[in-house]
Amino acid sequence: MTALRFYHLTERPLEAVAPALLETCLKHGMRAAVRAGSDAALRGLDQALWTYSDAAFLPHGLASEPHAGKQPILLGASDPPENGAAYLMLVAGASQPPESLTGFDRVALLFDDQDLAAKDRARADWRAAAAAGLPAEYWAQEGGRWVKKMENAGAPD
C-alpha cells in the first residue's frame with residue numbers, strides 16, 4: 001500500500017531539504033519522480049541537486065530532456081513516470097488525487113509554511129488520503145530535525 005508523508009517546511013527551504021530526501025531514496029534502491037506546481041520550482045530544484053553537496057552527486061534529469069526514462073531522479077515526470085519510479089515527490093504546490101498514487105511505494109508531499117495556498121492544498125490532500133484509506137504521516141521541522149507530529153492509519157474518519 002502506498003505510504004504518504006507530508007513534510008511541513010518551517011525552517012529550511014525546499015532546495016535544502018529535497019536533495020537529502022532524494023539521496024535517502026536512492027540509497028534504498030528506489031527511483032524517484034518529482035512533480036512541481038511550477039516550472040520555476042523544477043528549475044530551482046534541478047540547480048539544487050547539482051550543487052547541494054561537494055561530496056555527493058545525485059543523478060537526475062528533466063523529463064523534457066533526452067533519456068528521461070534512464071534517470072534515477074526524474075524532475076517533471078509524467079503519469080506514470082518514464083523512469084518507473086517507486087517514490088514520488090510532490091513540491092511547490094503540486095497535488096494529485098489519492099487514486100493516482102497507488103502505483104508508488106512512497107509519496108512525499110513537501111509544502112512551505114510561507115505558502116498559504118500550498119498549506120491549504122496539503123490539508124485537502126491529507127483529508128483526501130484519509131477518505132481514500134491511505135495511511136499518511138505528517139512531519140514538521142524542529143531544531144533542524146524532522147519530527148513526526150501526526151499519522152492516520154488509512155481509515156476514514
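Colleague: Which residue does Glu151 form a salt bridge with?
Modeller: Glu151 pairs with Lys148, and their closest N and O atoms are 3.1 Å apart. A salt bridge here is a side-chain nitrogen of Lys or Arg within 4 Å of a carboxyl oxygen of Asp or Glu.

Colleague: Where does this come from?
Modeller: It is a predicted model: local features need pLDDT of at least 70, side-chain atom pairs count only at pLDDT 80 or more, and totals for chains, interfaces and linings use all residues. Residues are numbered from 1 along each chain as its sequence is written, and side-chain values use heavy atoms, with hydrogens and water left out.

Colleague: What else does Lys148 form a salt bridge with?
Modeller: Glu137, with the closest N and O atoms 3.6 Å apart. Lys148 is in strand β8 and Glu137 in strand β7, so this pair ties together parts eleven residues apart in sequence. Strands (E, at least two residues) and helices (H or I, at least four) are DSSP runs, numbered from the N terminus.

Colleague: And Arg5, which residue does it form a salt bridge with?
Modeller: Glu137, at 3.0 Å between the closest N and O atoms. Arg5 sits in strand β1 and Glu137 in β7, so the pair ties together parts that are 132 residues apart in sequence.

Colleague: Is Glu137 buried or exposed?
Modeller: Buried, at 16% relative accessibility. Buried means under 20% relative accessible area, exposed means over 50%, and partly exposed is in between (1.4 Å probe, protein chains only). Arg5 is partly exposed at 23%. Lys148 is partly exposed too, at 38%.

Colleague: How many salt bridges are in the whole structure?
Modeller: Seven.

Colleague: New topic. Which residues in α3 are buried?
Modeller: Ala118, Lys119, Ala122, Asp125, Trp126, Ala129 and Ala130. Seen down the helix axis, they fall within an arc of 130 degrees, so they line one face of α3. That arc uses the directions from the helix axis to the C-beta atoms.

Colleague: What do they pack against?
Modeller: β1, β6, β7 (136–142) and β8 (145–152). The face turned away carries the exposed residues Leu116, Arg127 and Ala131.

Colleague: What about Lys119? What does its side chain make a polar contact with?
Modeller: The side chain of Asp113, at 3.3 Å. A polar contact is a pair of N or O atoms within 3.5 Å; within protein, one must be able to donate a hydrogen and the other to accept it, and residues adjacent in sequence count only if both atoms are side-chain atoms. Lys119 counts as buried at 15% relative accessibility. Beyond four places away in sequence, Lys119 touches (heavy atoms within 4.5 Å) His8, Phe111, Asp112 and Asp113.

Colleague: What happens at the start of α3?
Modeller: A side-chain oxygen of Asp115 reaches to within 3.2 Å of the backbone nitrogen of Ala117. After the helix comes Gly133, with a positive phi near 80 degrees.

Colleague: Now the largest nonpolar core. Which members touch the most others?
Modeller: Leu22, Val34, Ile73, Leu75, Tyr87, Met89 and Leu110, out of 25 residues. A nonpolar core is a set of buried Ala, Val, Leu, Ile, Met, Phe, Trp, Tyr and Cys residues joined through side-chain atoms within 4.5 Å.

Colleague: Which elements give two or more residues to this core?
Modeller: β1 (3–9), α1 (14–27), β2 (32–36), α2 (39–51), β4 (73–75), β5 (87–91) and β6 (106–112). Helix α1 gives the most, six residues. Apart from this core lies another, of 24 residues, among them Phe6, Ala33, Val107 and Phe111.

Colleague: What does Met89 touch?
Modeller: Ala18, Leu21, Leu22, Ala33, Val34, Arg35, Ala108 and Leu110, leaving out residues up to four places away in sequence.

Colleague: Last one. Where is Leu26 found?
Modeller: In helix α1. Leu26 counts as partly exposed, at 24% relative accessibility. Skipping residues up to four places away in sequence, Leu26 touches Leu58, Pro59, Pro72 and Ile73.
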